[in-house]
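My notebook is open, and I have a list of things to look up. Here is what I wrote down as I went along.

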Amino acid sequence: MPVRKCVGDVRNDSNGSIGGPIAGFVLDFDGGLFMKNSALFKKLGIFQKGTDRKDIQYDFANHLEYSLSKDQYTATMHDLYYSLALTARDRMIEQWIRTQQMYYDNDVKRVYYLSAEYLMGRALVNNLINLDMYEQAREAMGELNLDLNELIEQEADAGLGNGGLGRLAACFLDSMATLQIPGYGYGIRYEFGIFEQAIKNCCQVELPDTWLKFGNPWEIPRPEINFTVRFHGRTSDSFWQDGRLRTEWVDTSDVIGIGYDIPICGYGNKTVNTLRLWSAKASNEFDLDYFQHGDYLKAVREKNLSENISKVLYPNDASFQGQELRLKQQYFFVSCSIQDIVRRYLVNQSTFDQFPRKVAIQMNDTHPSLAITELMRIFLDEQALSWEQAWDLTTRSCAYTNHTILSEALEKWPVSMFGNLLPRHLQIIYEINRRFLRNVSVFHIDDNELAERTSIIEEGPDRKVRMSHLAFIGSHAVNGVAELHTKLLKTKVFREFDELFPGRIINVTNGITPRRWLLSANPLLAGLISGRIGKEWVGDLGKLEGVREFADDPAFQEEFLSVKRKNKQALAGLAEDLTGFAVDPDSIFDVQVKRIHEYKRQLLNILHVIGCWLRIKEEPEFQWYPRTFIFGGKTAPDYYMSKMIITLICSAAEMINNDHSTREMIKVVFLPNYRVTLAEMIIPAADVSEQISTAGYEASGTGNMKFALNGALTIGTLDGANIEILHEAGGENVFIFGLNAEEVESIKPTYNPYDYYEKNELLKRVIDLIRNGFFSPEERGLFHPIIDSLLNFDPYLVLADFEGYCNCQARVGDTYARRNEWARKAIINVASMGKFSSDRAILEYNEHVWHAEPFPIACNEEAVASKIVAD
């Protein structure tokens, strides 16, 4: 049966252009212009903008005048930043257009990474580094009496994520481009990203993140790339011409998704991949009739309701309306993305036989799992494929990354809400489930409960759709993100599925990009390393192993410690600016910065801090190396207990920091509004990396990798990637404490936290001090909910691990006092981080899941131009 072209296919006429050829140009589908006459290309200066400082200055001035309409008298510092960003973007666009055209010309297999989050941070420095023009840009700005660092500070963080999930996605895009893997990221262009956090009266206050207030120089609007996304309505049965049953989704409420593209530049090559973010627009933005009759609110009601979909990252889902909006968000970006993927595939293909050979779809957690049902809907309802063919193509194309074993984080949607919002998709889910359960019953005749445990539909008074089950059943590969996490998926979360689909679950340990997290974030350490072993480590982090030979070199140790102290001095100044508390850069910087959650156990940390403070005050013989405890992180606005933990940390900081008898020995600061840019200041300055989650609860963690890469020593449990860091760096170079995952499971049925409270005198003193209102004198019962939870439930075993944590922290202090020994351990940690590059992770995904051939982009513009003419 012939392929039916999808709505939005803009490469659908005979010459491959929109609306016929433009004189001298061929327009590729993504909006890029290619000149057929390469000589004219060069004459016009379109090919290959230069990267020396004079070229940069020329384009910088041009953008200031012609793009922003400013001069030296009216330009603000933000205007100057914007002009430099556009100057860098120009160089990326040249390579970007070439990359996309060569992907088309060679009909490559593409990897599509679907993620609800992308925690990109600032882009300018990363792009300048990847374009190999950072130093030239610094010199060019310096000659204009501009400080590049001041310009960098003008850029807002693109905070389109909540934590590690979104930052991982950003690292993966960087690595795909660096490894020359044809890749696309898909997500939502949230108008307001993760909220800005302020601390007022020791409490978290959420403020809107207006990251688009002054525009985004990196994005290219693609109004011609738009898709209709449907909600509500009903299904209607009819017949195809060959007599087969056809289902149509009719009477729908429609929203339009508009694409915004951001170039993702590879390091050390000419590859520029694409991150496409979708913005929601109303299908009927303005009702003139309502407006003419004076009802101005109703005139724009549909516009406002539609655009709410891409308004805010993770709206509060405590209400039905909030839950429905989250589901709308997920389907909106999935539908736009899948329609776009199918459209792009059809540019070079006339049937769907090659779909899995040309398309790999990676779902980053369960948020994009509706990709499975949307792909099925398009195959069945728009392309008239049989169920068997559609399901075969879908499962061979889709793969799923699980990021959590927490049951509350494995998404479930009420069937009633799901069916009202997406009636056709619920039908498809029912059919997927019927066929799946039929096979389960055939092969497991005697296990009547297996079908109930593995069903996509959770039965009960409020039936729910289990999105993790849908993602697993509809994928050909499912991966965990650390060795322990993958083991728990096989033995706990997806035990039955692992038996039904042996070999489907694999491990791909997470990674981080060294370009951002060492080369950009810590230029002093990067320079020290490169001075000894060269720069090859930037593209091959395994080369850091060469640093190990300097671990016992006193001169290198001194240089290493000097770099660390300079970074600590910079952070100390920032900490005082943000909190008003001065901290000593010669103290141990003990850091826990991450999303605030009970299982991450910031509570265990602050209990230990209070205990140390008491011992410093009351025990003259107590051995203590001066220490600054640094906290940071946001929590969900509706997560009451985590917000109380933030309040406790900040309240304790106020009391401890104002104690004149101890403030030279111990300080506590909570740095507000933790984000990528702040992390880039904190991580290079850390001495101690707190990775103290309850064993078995942290899927992987990537903060642990970033800290170790920058020379911080880990204190942590045997959880997530901590275990693999232990294996790589050696047990003598990390500080491990606490129950392991098996012990956690075994202790839970009989666990009585009150016993630990009674038996540990220091713990008892700390808890009593908090309960009696010492840290909240104006409201003495403020922290009773925390204490009641600890003493009666303690679901994350804080009290069980308290004594082991304190003993381990004592070893940290003793070791730090021996400076050469500490430096040696820190250097070995840096040298051991080769495994934890996101480049390695992407190579493993590609080898075991995607099977996409890396495709180098030609560097010679003459060759490219002649190829375009020939094609």
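I began with helix α13 (residues 370-382), which lies across β3, β9, β14 (359-364) and β15 (398-401). Against β14 it runs at about 140°; axes are lines fitted to C-alpha atoms, for helices over the stretch in contact (heavy atoms within 4.5 Å), and angles run from 0 to 180 degrees between N-to-C directions. Helices (H or I, at least four residues) and strands (E, at least two) are DSSP runs, numbered from the N terminus.

A note to myself on the source: this is a predicted model, where local features need pLDDT of at least 70 and side-chain atom pairs count only at pLDDT 80 or more, while totals for chains, interfaces and linings use all residues. Residues are numbered from 1 along each chain as its sequence is written, and side-chain values use heavy atoms, with hydrogens and water left out.

**The sheet**

Next I traced an open sheet of nine strands, in the order β9-β12-β13-β6-β3-β14-β15-β19-β20, with mixed pairing. Two strands pair if DSSP finds at least two bridges between them. Which strands stand at the edges? I found β9 (220-231) and β20 (505-507) there, each with a single partner strand, so one side of each is left without a neighbour in the sheet. From one strand to the next, the twist averages 25°.

I then looked at one pair: β3 (residues 110-114) and β6 (residues 183-188) run in the parallel sense over four bridges. Opposite Tyr112 I found Tyr184 in β6.

Six of the eight residues of α28 (residues 722-729) are buried, so the helix is largely enclosed by the rest of the structure. I listed the buried ones as Asn722, Ile723, Glu724, Ile725, Leu726 and Ala729. Among the elements they pack against are α19 (483-493), α27 (703-709) and α34 (819-831). Just after the helix, Gly730 takes a positive phi of about 95°.

I also checked Ser83, which sits in helix α3 (residues 77-105). Is Ser83 buried or exposed? Ser83 is buried, with a relative accessible area of 0%. Leaving out residues up to four places away in sequence, Ser83 touches Phe60, His63, Leu64 and Leu68.

I counted seven cavities of 30 Å³ or more. On a 1 Å grid over the protein atoms alone, a cavity is a set of points where a 1.4 Å probe fits but cannot get out, and lining residues have an atom within 4 Å of a point. Grid points are joined across faces, edges and corners, and a volume is the space filled by probe spheres set on the points.

The largest cavity has a volume of about 120 Å³. Of its 14 lining residues, Glu598, Leu603, Ser789, Leu790 and Val798 are the closest to its centre. The largest share of the lining, three residues, comes from α32.

Note on methods. Buried means under 20% relative accessible area, exposed over 50%, partly exposed in between (1.4 Å probe, protein chains only). On a 1 Å grid over the protein atoms alone, a cavity is a set of points where a 1.4 Å probe fits but cannot get out, and a pocket is an open set with protein on both sides within 12 Å along at least five of seven lines; lining residues have an atom within 4 Å of a point.
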